[in-house]
Amino acid sequence: MHDMSPHHPRYQSLLLRDKMAKAYQEGILADTALIAHGRGEAFDYILGEKTNLPALNSIKAASAALLLAENPILSVNGNTAVLAAEDMVKLARILPAKVEINLFYRTPQRVMKVEEVLKKAGATEILGKEEDDYFPIKGLEGPRSRAHPEGVHRADVILVPLEDGDRAEALVALGKTVITIDLNPLSRTAQTSSITIVDNVVRAIPLIIEEISKLRGCRIDELEAIVHEFDNQRNIDSSLQLIAQYLEKDGK
Ligand code: ATP
Ligand code: MG
C-alpha cells in the first residue's frame with residue numbers, strides 16, 4: 001500500500017485501487033481489468049459510494065431468487081476474485097452454490113491464479129478450471145464462451161458480477177435467471193440481466209449474505225412474491241434518477 005492516511009476522503013476507494021494494481025502486477029488480472037475497475041469507480045463516485053435504495057431492492061430480489069434456485073451458480077471473474085473472494089466463497093457455502101471461474105480474457109495462467117485466490121479464500125469445489133470439461137455457450141465464440149456442464153450450463157440462477165453484455169445476453173437467451181452486480185446502470189449487462197444490482201461488489205455481496213439469512217425462514221410463496229414483484233427496468237431507472245439528482249446537486 002502506498003503511504004495513505006485512513007483519513008484521506010478517498011481512502012476506501014484507494015485501498016481497492018491498490019489491491020487491483022497489485023493483482024495486476026501478480027498476473028491475476030489483465031490490464032483491461034484495471035480499465036473496467038476505473039469505469040466502476042466513476043459510477044461509484046456519482047452514486048455517492050454507498051448502497052442506495054434501488055440496490056437494496058435488487059439485493060432482496062436477488063437473495064430470494066438465489067434461495068429459490070435449484071442449481072445456483074456464482075460466476076467469478078478476475079475483478080470479483082480480487083475484490084470479494086472471501087465473500088463469494090461464504091455466499092457459496094451458505095446457499096449452497098457452486099463457484100465457477102469465468103474470465104473475459106481467459107488465459108491458462110490467469111485461470112490458475114484466480115483459482116489460487118479462491119482456494120486461499122476457502123473455496124473447496126471450483127468449476128471452470130483450466131483442465132475442466134466445458135461446452136460453449138450458444139451464441140458466443142472463443143474462450144469466453146466456455147461454461148461448465150455442471151455449472152453455468154446446469155444452473156437455473158446465475159450470480160455473475162461484472163459480466164460482459166454479450167455473455168449476459170446469451171445466458172438470458174438460454175432461459176437462465178441472471179443476477180448481476182454492475183455499477184453502470186447503462187451497461188448492456190445491467191440492461192439485459194434479470195436482476196441488476198447497481199452497487200460495488202465489495203458492498204453488495206456482504207449485503208446479499210445478510211439478506212439471505214433474513215429471508216431464510218420465509219415460505220416459498222413469499223420468496224416467489226418478492227421475485228415476482230421486482231421490476232428490473234423500473235429499479236434501474238431509479239438508479240439513473242439518483243445519478244441525475246446527485247449531478248444536479250453538484251454532489252452535495
Ligand atoms: P457491457 O459489456 O455490459 O456493456 P462494458 O463493456 O461497458 O459493459 P465492461 O468493461 O465489460 O463494461 O465491464 C465492466 C463493468 O463492471 C462496468 O460496467 C463497470 O461499471 C463495472 N464495475 C467495475 N468495477 C466494479 C465493482 N467493483 N463493482 C461493481 N461493478 C463494477
Ligand atoms: Mg463489455
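## Helices α1 and α2

In this predicted model, helix α1 (residues 11-25) packs against helix α2 (residues 31-46) with an angle of about 170° between the two and with their axes 9 Å apart. Helices here are DSSP runs of H or I with at least four residues, strands are runs of E with at least two, and both are numbered from the N terminus. The axes are lines fitted to C-alpha atoms, for helices over the stretch in contact, and the angles run from 0 to 180 degrees between N-to-C directions. The angle makes α1 roughly antiparallel to α2, a term used for angles over 145 degrees, while angles under 35 count as roughly parallel, 65 to 115 as roughly perpendicular and the rest as oblique.

On the α1 side the contact involves Ser 13, Met 20 and Tyr 24, which meet Asp 31, Ala 33, Leu 34, His 37 and Glu 41 of α2; two residues are in contact if their C-beta atoms, placed from the backbone, lie within 7 Å. By class, the residues of this contact are four nonpolar, two polar and two charged, where Ala, Val, Leu, Ile, Met, Phe, Trp, Tyr, Cys and Pro count as nonpolar, Asp, Glu, Lys and Arg as charged, and the others, Gly among them, as polar.

Residues are numbered from 1 along each chain as its sequence is written, and chains are lettered from A and ligands numbered from 1 in the order in which they are written. Because the model is predicted, local features need pLDDT of at least 70 and side-chain atom pairs count only at pLDDT 80 or more, whereas totals for chains, interfaces and linings use all residues.

## Helices α4 and α8

A second pair of helices, α4 and α8, packs at an angle of about 10°, with the axes 9 Å apart, which makes α4 roughly parallel to α8. From α4 the contact draws on Thr 80, Leu 83, Ala 84, Asp 87, Met 88, Lys 90, Leu 91 and Ile 94, and from α8 on Val 201, Val 202, Ile 205, Pro 206, Ile 208, Ile 209 and Ile 212. Sorted by class, the residues of the contact of α4 with α8 are twelve nonpolar, one polar and two charged.

Asp 87, which lies in helix α4, counts as buried because it has 20 C-beta neighbours inside 10 Å; the cut-offs are 20 or more other C-beta atoms within 10 Å for buried, 12 or fewer for exposed, and anything in between for partly exposed, with C-beta atoms placed from the backbone. Although Asp 87 and Pro 206 are 119 residues apart along the chain, their C-alpha atoms are separated by 6.3 Å. If neighbours within four places in sequence are left aside, Asp 87 is in contact with Ile 205, Pro 206 and Ile 209.

## The surroundings of ligand 1

The shell around ligand 1 holds 19 residues, and the closest are Gly 40, Gly 165, Asn 184, Ser 187 and Thr 189; a residue is near a molecule if its C-beta atom, placed from the backbone, lies within 6 Å of it. Two or more residues of this shell come from each of α2, α4 (78-94) and α7 (188-192), and α2 gives the largest share, five residues. The shell divides into seven nonpolar, eight polar and four charged residues.

## Annotated binding-site residues

An unreviewed UniProt entry carries the annotation "binding site" for Arg 17, Arg 39, Asp 182, Leu 183, Asn 184, Arg 188, Thr 189, Asn 200 and Val 201; its positions are given in the numbering used here, feature names are shortened, and annotations may be inferred rather than shown by experiment. These residues are spread over 185 residues of sequence and also in space, up to 24.3 Å between C-alpha atoms.

Not counting residues up to four places away in sequence, Arg 188 touches Gly 165, Ala 168 and Glu 169.

## Backbone details in the loops

A cis peptide bond, with omega about -10°, joins Leu 95 and Pro 96, and Pro 96 lies in the loop between α4 and β2 (98-101). Glu 49, in the loop between α2 and α3 (53-68), has a positive phi of about 50° although it is not a glycine. Leu 162, in the loop between β6 (157-159) and α6 (165-173), also has a positive phi, near 50°, and is buried, with 26 C-beta neighbours inside 10 Å.
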